[in-house]
Amino acid sequence: MRRPCLLGVFVALVFGGAPAEAQESPLEPEPRASEFFDLTLEEMLAIDLGARPQRRAALYGFLRTNVEKVWHVPELDPLGRTRFDSDPLEWSTAAFHLYGAAKLIPSVDVLFNLAGSETGVEVRNAYGNLKLNEALQLRLGRQYRRFDLFNDKLDQTPAILGIEPPELFDQDHLLLPRTTLASLHGRHPITPGLWLLYALTTDNGEAGAEAEVIPLGWDMRVKGSNLVAGTSGFASSVAGGRTSPSVALGQGAPAGGIVPWMKDDRYVVVGAFVELERQGLLLQGSYFQARHDGRRDPERVLEVVRGAGLIPSQRARFLGASTGKVDADLAAQDVVVSASYVVHTFYVRAGYSIFTPIGTLTPYAFIDWMRHPEAIRAKSFGGDNEAGFADDGEFWKPSLGVVYNPIAELALKLDSSAHVQKFNGRTEVYPEVRFDVSFAFKLLD
């Protein structure tokens, strides 16, 4: 006999609706036992609104807090030797997400997603969707683009396997902007239980509207009861223009793929992903690459060289034949302006759900890898403190952890990761441990 679907339990507990299994048509993919860990905001609200047509609105949210400890981080001393330091135990300020959706008429619905923290409240999503039919829909407004397995569900903290996202979604070294403003999307049944889904997205450039800049994102996938597989991509402009960075130098990490010491850039991201589920075992993996044709801004690069604490390989990349000059003698003409490079990254994730009388246990194991030739370490200058302090811009990150759901609304997560990279000519490893608590709540039926 098939075990209860955790997604159905979650919907029933949080929203008071019937389990999803009882609501789906024969063409819909059958819910999976592990689907609690593969759930977008759109899917959750669609189940709630669609299962009970008399309900015209839904309002719910998540609360989250976590604590982290990092040990044995390699550093360079003034003499160029490796020394090690540990970060203090750090609690995050409790954060929340508040989500709402309303069906105005059968073909039009709206959705918003507010994120709150100690710095204030941010509008993550706010859009309307016009549904002509299943295969042809238009969504306008701020929205997460459909990309890979995770981009449109990273805010769903209780429903994500693990605590941290795959490295390509780490805000310190994003491959592309996470949000977009317009999406043409839809789905079409291939066979009973298997759908073809597509999405085309566009918006302004990363720095806003710019001449001859028209970004284009795309995603095509097949989705069934135990399979998701497809490809995603993004071009910074299909109109021939070059895009500027989204932040000024010194303002931290960019919100897209262009590092802040560039004058402009033109890049394309492509990759593929797959997810398989079988009797509670969930396997996920993807590979992506981003090809950049950038032009560095000489004055910004000089600021980085003089203030960001570069390692020798990074200094050589920025200055070329002028690497040996002292900082005081450097001038704009010493900077290597051309910056053509490729970022590579992949991840593999596995989790297994164990159902017990006192809740659900899901142990998991991840492996992340990234090579980012243009990265630097200093986060204030747009670095990432990962690829950016490796000698070759490459690092591995294996993780082990467990999720415990005593009830469907509450997720307790504990995991540990190890960063592995070459630093100062040697392979160094430093560990970190994290504990995360998140809780889903309902405000409005």
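In this predicted model, the cover over the buried residues of helix 3 includes strand 15 and helix 4 (312–319). The buried residues in question, on a helix that spans residues 298–307, are Val301, Leu302, Val304 and Val305. They sit on the same side of helix 3, because the arc they cover around the axis is only 160 degrees.

Just after helix 3 comes Gly309, whose phi is positive at about 65 degrees.

Positive phi values also turn up away from glycine. Gln279, not a glycine, has a positive phi of about 50 degrees and belongs to the loop between strand 14 (267–278) and strand 15 (281–296). Its relative accessible area is 58%, so Gln279 is exposed. Asn424, also not a glycine, has a positive phi of about 55 degrees, and its place is the loop between strand 20 (410–423) and strand 21 (426–444). Asn424 is partly exposed, because its relative accessible area is 35%.

Turning to charged side chains, the count of salt bridges comes to 26. One of them joins Arg266 to Asp293, at 3.5 Å from N to O. This pair links distant parts of the chain, 27 residues apart: Arg266 is in the loop between strand 13 (262–264) and strand 14, whereas Asp293 is in strand 15. Arg266 is partly exposed at 30% relative accessible area, and Asp293 likewise counts as partly exposed, at 32%.

Glu374 and Arg317 meet through their side chains at 3.3 Å, N to O. Here too distant parts of the chain are linked, 57 residues apart, with Glu374 in the loop between strand 18 (359–371) and strand 19 (394–405) and Arg317 in helix 4. Glu374 counts as buried, because its relative accessibility is 1%, while Arg317 is partly exposed at 22%.

Arg124 and Glu122 form a further salt bridge, their closest N and O atoms being 3.0 Å apart; Glu122 is partly exposed, at 36% relative accessibility. Finally, a network of salt bridges links Glu164, Glu167, Lys397, Asp415, Glu432 and Arg434.

Methods: Residues are numbered from 1 along each chain as its sequence is written. This is a predicted model: local features need pLDDT of at least 70, side-chain atom pairs count only at pLDDT 80 or more; totals for chains, interfaces and linings use all residues. Side-chain values use heavy atoms; hydrogens and water are left out. Helices (H or I, at least four residues) and strands (E, at least two) are DSSP runs, numbered from the N terminus. Buried means under 20% relative accessible area, exposed over 50%, partly exposed in between (1.4 Å probe, protein chains only). The arc is that of the directions from the helix axis to the C-beta atoms. Contact means heavy atoms within 4.5 Å. A salt bridge is a side-chain nitrogen of Lys or Arg within 4 Å of a carboxyl oxygen of Asp or Glu.
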